[in-house]
Amino acid sequence: MKKLLVYLKDYKKESVLAPLFKMLEASFELIVPLVVTAIIDVGIANQDSGYILRMCLVMIALGLIGLLCSVTAQYFAAKAAVGFGTKVRHQLFSHIQTFSFSEIDQVGTATLITRMTSDINQVQSGVNMVLRLFLRSPFIVFGAMIMAFTIDVKAAMIFVVTIPLLSLVVFGIMAVSIPLYRKVQERLDKVLGITRENLTGARVIRAFHKEEEEKNRFEEGLEHLTAMQNHVGRISAFLNPVTYVIINGATIFLLYTGAFQVNAGNLTQGEVVALVNYMSQILVELIKLANLIITITKAVACGNRVESILDIPSSMPKDQPVSTASGKTEPAEKIMPKETPAVQFSHVGLTYRGGAAESLSDIDFSVRKGETIGIIGGTGSGKTSLVHLIPRFYDASRGQVLINGKNVTEYSLEELRQKVGIVMQRAVLFQGTIRENLCWGKADASEKELYEALELAQAKEVVEGKEGKLEAPVEQGGKNFSGGQRQRLTIARALVRKPEILILDDSASALDYATDAKLRKSIREMKENPTVFIVSQRTSSIQHADKIIVLEDGEIAGVGTHDELLENCAVYHEIYESQYKKQ
């Protein structure tokens, strides 16, 4: 939590003025019992109505000034807290953007969403409450005790005993509840994960008629969360009755001893009333302090969770220096021999974080510029893992991946990914317009460039058929488009950039054979002559590739053309036979 407080540095003025105005308000509040004492001992005792009226006006003035100070303090506290929350959110979001797929897989999407929303909201509320009450409440508690000493030392000793006893209760409960609130937030992560899965997979759940099972799973997670919240809530709720018992007991004792003191002439009636008022102020402030501590407890637990994400180092920082294996910096652009492969895998292995065995083993091949490479294999054979190494979504555990003769780790991520256009297995479109989605590939693309990409991707008819054409709205996830339309638009988005390397990761699975063939033909005829990787389950999509790589259990089972592999590779032959039965 301490590391997060650095984001308050731009709000130093507000962080000082908020508690300062709160303490000014508290100071006026501490004067009120003395005014009441004067009204009782002087005004009422002497039946001086003029004096009583003047003191009542003083009390009203103190109340109005206190209100003004309170509103000012609230303004500064809110400004600092909201600004702090905004900065933390920006920093956390920026940090998550630097994560490779490994870190995202490790932490989990549901957890990241919780920390970005619920956790930061709790921290923001904690900062707001601290600025408003953290100094004010102790100030009034100890101020009331000091004011009691100015009235009567013997009576004030009751305050000396009561305040440490209350502090022991408050801080004891806080020590127990902080770890429990951390567990509550972890349970909330799980519930959010179930919710997210149900929302994103709603169609699949309905297709398999699993609504009741998912409801039961959600309710089970919710019951665990509720049970933990009830447990920590009961502990926190124990705070108020205990403080009431202690304070009311102290008030009874104060009235009991005060009565004797008044009879003895050591105290006046007004002074006893003032002491009771000060005890009441302590009660009110300690209840506020108890609620504040609960809020701070939640905020600290949530702040530590946010901090734990910020402490995760990215395995591939965005602004990575361009360096050679020897550690010396080299120019970003280097003249390579004409024979240098466009892409080369040199004995590459990949082990996912936490994985027991390699997902890819000893992958070794090279690709010349302009070649089309087909990648095929059974489910789980490592096809997607292989192509994800090219734009560095993951880093190879061993071996090297080279582009134009240079290790991909020697490029900055921005430079590397400008060279690569990738279309993922799952076609994702973002809320906005078709134009805005296509411009993800190239921010300043002209309308001519956009239509060229759409034509190449066989998506021009999709846009032409929509009202507004390029300005046609796209719903979140592209839900107002069919699966094939989404795939063609995501391919167009990648082609707008005119990349040196184009990766189509099973991105034509929803297209019919004729459209798929037209797409491959148009990409082959591109004047930029990109190096193309086509990952597919269909042999028809890759049989005209210059080279086909067959994967089995993360290893290369065969490399060659379609005809060569039919002759020499049993795995490829089996896949082909399963799709094209001999007549």
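Aromatic rings of Phe, Tyr and Trp pair if their centres lie within 6.5 Å. All views below show a predicted model.

**View 1. An aromatic cluster of Phe21, Tyr75 and Phe76.** These three residues form one cluster. By the pairing rule, the count comes to six aromatic pairs.

**View 2. The aromatic pair of Tyr352 and Tyr394.** The two rings sit edge-to-face, 5.0 Å centre to centre, with 80 degrees between the planes. Tyr352 lies in the loop between strand 1 (343-350) and strand 2 (360-367). Tyr394 lies in the loop between helix 11 (383-388) and strand 4 (398-403). The pair therefore ties together parts that are 42 residues apart in sequence. Tyr352 is partly exposed, at 26% relative accessibility. Tyr394 is buried, at 9%.

**View 3. Surroundings of Ser536.** Ser536 lies in the loop between strand 10 (531-535) and helix 18 (539-542). Its relative accessible area is 6%, under the 20% cut-off, so Ser536 counts as buried. Not counting residues up to four places away in sequence, Ser536 touches Ile375, Ile376, Lys383, Asp506, Ser541 and Ile542. The Ser536 side chain also reaches the backbone nitrogen of Arg538, at 2.9 Å.

**View 4. Packing of helix 8 (residues 211-237) with helix 9 (residues 239-264).** The axes are 5 Å apart, at an angle of about 10 degrees. The helices are therefore roughly parallel to each other. Ile235, Ser236 and Ala237 in helix 8 meet Leu239, Asn240 and Pro241 in helix 9. This contact has four nonpolar, two polar and no charged residues.

Terms used
Residues are numbered from 1 along each chain as its sequence is written. This is a predicted model: local features need pLDDT of at least 70, side-chain atom pairs count only at pLDDT 80 or more; totals for chains, interfaces and linings use all residues. Side-chain values use heavy atoms; hydrogens and water are left out. Axes are lines fitted to C-alpha atoms, for helices over the stretch in contact, and angles run from 0 to 180 degrees between N-to-C directions. Helices (H or I, at least four residues) and strands (E, at least two) are DSSP runs, numbered from the N terminus. Angles under 35 degrees count as roughly parallel, over 145 as roughly antiparallel, 65 to 115 as roughly perpendicular and the rest as oblique. Contact means heavy atoms within 4.5 Å. Ala, Val, Leu, Ile, Met, Phe, Trp, Tyr, Cys and Pro count as nonpolar, Asp, Glu, Lys and Arg as charged, and the others, Gly among them, as polar. Buried means under 20% relative accessible area, exposed over 50%, partly exposed in between (1.4 Å probe, protein chains only). A polar contact is a pair of N or O atoms within 3.5 Å; within protein, one must be able to donate a hydrogen and the other to accept it, and residues adjacent in sequence count only if both atoms are side-chain atoms. Rings of Phe, Tyr and Trp (its six-membered ring) pair if their centres lie within 6.5 Å; planes under 30 degrees apart count as stacked, over 60 as edge-to-face and the rest as tilted.
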